[in-house]
Amino acid sequence: MDKVTFKAGNLEEAIEGAAQILGVSKDEIEHKVVSEGKAGVLGIIGGKDIEIEAWKKISPEARGQEIMQEILNYMGLLAVAEAKTGEDREVIVDIKGEDLGQIIGKDGATIDALQVLISAALSRAYGGRIRTYVDAGGYREKQKQAIERLALSAAKDVAASGQEKVLPPMSAGERRIVHMALKDDPKITTHSEGMGRDRRLVISPR
Amino acid sequence: MKELIEYIVKNLVDKPEEVEVKELSGESSTSIGISVAEDEAGKVIGKEGRIVNALRTIAKAAGAKEMKRVSLEIITKEER
């Protein structure tokens, strides 16, 4: 984020000045007061200017892209991050380029970690939870399709046999994919059991 | 490595100016120590250690190129 500092007689003037330097209107910037001003005698003599730090407001999507790109650069990877906002207002960051294996990691461990960190960074910056997905070279989409296939075939077995079935341990995101894939199936219901890493999804006949 | 971790951690806290990252590099291993403002340790540790574990995973991925073992710890004030 590019920041500028600006000093002026009062806060309003400081914000206006900073906005002018950043080349946007004053509604499009955010600021932090660096040092409070002090009114002087007659409002002029001996007064101290207020100093602010200001920067352009940026959307969670653009900020997510910026953070991801910086991380890729620090890791020395030839890859480009692109972000968009999904249907559910979630931030989707997609990574394209070489060395995607290193970004994905074993069983997706590295990309999951990136997702946790970017989600935490955006949630802190914007106050409130911002759901974030990080994908690289279509990895998540392929994984999603594989989980959906597993879910549909397990649901078919449950409906046919009338016996409930426990799926292997999955992350919250993976369980959500199963719930979504099966939510309209009238023959079965789904719920989760167990704690932490051992939390599993159970498909039962209705 | 230090710069990477420092960049990420600064994005996780409200007082980035109090973030300090130290890197101790040996022949086959690297240790990273992170300190943040006292009231912000929870933000870099996370629920059930989710955040610090994610940081460890990233540090390992970044260290893989140099074939080094990487350890990463959050240093709280009393230990400093």
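**View 1. The open sheet of chain B.** Three strands of chain B make up an open sheet of mixed pairing, arranged in the order β1-β2-β3. The edge positions belong to β1 (20-25) and β3 (69-74) of chain B, each of which pairs on one side only. From one strand to the next, the twist averages 15°. The model is a predicted one, in which local features need pLDDT of at least 70 and side-chain atom pairs count only at pLDDT 80 or more, while totals for chains, interfaces and linings use all residues. Residues are numbered from 1 along each chain as its sequence is written, chains are lettered from A and ligands numbered from 1 in the order in which they are written, and side-chain values use heavy atoms, with hydrogens and water left out. Helices (H or I, at least four residues) and strands (E, at least two) are DSSP runs, numbered from the N terminus. Two strands are taken to pair if DSSP finds at least two bridges between them.

**View 2. Strand pairing within the sheet of chain B.** Strands of a sheet pair through backbone hydrogen bonds, either parallel or antiparallel. β1(B) and β2(B) run antiparallel and are joined by six bridges; in this pairing, Val21(B) lies opposite Ile34(B) of β2(B). Ser31(B) has Ser71(B) as its bridge partner in β3(B).

**View 3. Helices on the sheet of chain B.** Helix α1 (residues 2-10) of chain B packs on the sheet and touches β1, β2 and β3 of chain B, its direction making about 155° with that of β1(B). Helix α3 (residues 50-64) of chain B lies across β2 and β3 of chain B, at about 150° to β3(B). For such angles, axes are lines fitted to C-alpha atoms, for helices over the stretch in contact, and the values run from 0 to 180 degrees between N-to-C directions. Contact means heavy atoms within 4.5 Å.

View 4. Two bridges connect β7(A) and β9(A), and Val166(A) has Val202(A) as its bridge partner in β9(A). β8(A) pairs with strand β9 (residues 200-205) of chain A over six bridges. Within β9(A), Pro205(A) is found opposite Ile188(A), and Leu201(A) opposite Ser192(A). The hairpin formed by β8(A) and β9(A) has six residues between the strands, and Gly194(A) in its turn has a positive phi of about 90°.

**View 5. The interface of chain A and chain B.** The contact involves 20 residues from chain A and 18 residues from chain B. Between them the two chains bury about 1700 Å², 69% of it on carbon and sulfur atoms. In chain A, Tyr74(A), Leu117(A) and Arg124(A) lose the most area to chain B, together 35% of what that side buries. Buried area is the accessible area (1.4 Å probe) that two parts lose on being put together, summed over both.

**View 6. The salt bridge across the interface.** One salt bridge is found between chain A and chain B. Asp14(B) forms a salt bridge with Arg124(A), with the closest N and O atoms 2.9 Å apart. A salt bridge is a side-chain nitrogen of Lys or Arg within 4 Å of a carboxyl oxygen of Asp or Glu.
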